[in-house]
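This report considers selected local features of one protein chain. The sequence and the structure are shown first.

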Amino acid sequence: YRPGTKLYFSLMYSIFWLNQTVYHLVSFILHFAVGVLFFFISKRILKNYFLSVVCASLFLILSGYQEAVFWISSTGFLFNAFFALLSMLSFIFWREKGKKIYLIIAFIFIICGLMFHELGVIAPLFIVAYDLIFRDSFNKTPRKIYLLLFVPVLTYLILRFFANSHWFSGDYNYNLLKLPF
């Protein structure tokens, strides 16, 4: 269940038809944007400019996202990573500045990530893990904020259930009740 990815390909097809150069350009731009977000998050965590540049550079050149960048059909991974990192960065800004708008933006970006790939369910887990590891002893986040971050995941799972999407193996999933037939 990936409505954002479906919408992306519908729009790209209606505007650029089958011009693969544009699809690859979008993938490269998204990969670079994820690298920039990775730099900003690592700068907040490491508090060292040089190490953050090294981390972001390694992320950009290592082969972890090579398939997502070169395969046009896996653009949803890139959008998901982009929105997950934006949600984490927004949460970090909320923790630092205390303005609720950043928490709302983090919430919206979690929803956007879920719309592009089911891997977006881990975005709230990363945010909670970050907060538990790097929070100050004087500035504790209320637990209900953690629960609020999981509301989009629960909503997504309900929508996915009603859409009759595959749950375990994507397109290669089998319905065990109908398997003998």
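In this predicted model, Asn 48 is found in the loop that lies between α2 and α3 (49-61). Its relative accessibility is 30%, so Asn 48 counts as partly exposed, given that buried means under 20% and exposed over 50%. A polar atom of the Asn 48 side chain lies 3.0 Å from the backbone nitrogen of Phe 50.

Ser 74 counts as buried because its relative accessibility is 9%. Its side chain reaches the backbone oxygen of Trp 71 at 3.1 Å. When neighbours within four places in sequence are left aside, Ser 74 is in contact with Glu 67 and Ala 68.

| Side chain | Backbone atom | Distance |
|---|---|---|
| Asn 48 | nitrogen of Phe 50 | 3.0 Å |
| Ser 74 | oxygen of Trp 71 | 3.1 Å |

Helix α1 comprises the 14 residues 3-16; at 1.5 Å a residue they should span 20 Å, and the end C-alpha atoms are 20 Å apart, which agrees. The buried residues of α1 are Gly 4, Thr 5, Tyr 8 and Met 12. They cover an arc of only 95° around the axis and are therefore on the same side of α1. These buried residues pack against α2 (20-46), α5 (75-97) and α6 (100-116). On the face turned away from the buried side, α1 carries the exposed residues Lys 6, Leu 7 and Ser 14. Just after α1, Trp 17 takes a positive phi of about 55°.

Methods. Residues are numbered from 1 along each chain as its sequence is written. This is a predicted model: local features need pLDDT of at least 70, side-chain atom pairs count only at pLDDT 80 or more; totals for chains, interfaces and linings use all residues. Side-chain values use heavy atoms; hydrogens and water are left out. Helices (H or I, at least four residues) and strands (E, at least two) are DSSP runs, numbered from the N terminus. The expected span of a helix is 1.5 Å times one less than its number of residues. Buried means under 20% relative accessible area, exposed over 50%, partly exposed in between (1.4 Å probe, protein chains only). The arc is that of the directions from the helix axis to the C-beta atoms. Contact means heavy atoms within 4.5 Å. A polar contact is a pair of N or O atoms within 3.5 Å; within protein, one must be able to donate a hydrogen and the other to accept it, and residues adjacent in sequence count only if both atoms are side-chain atoms.
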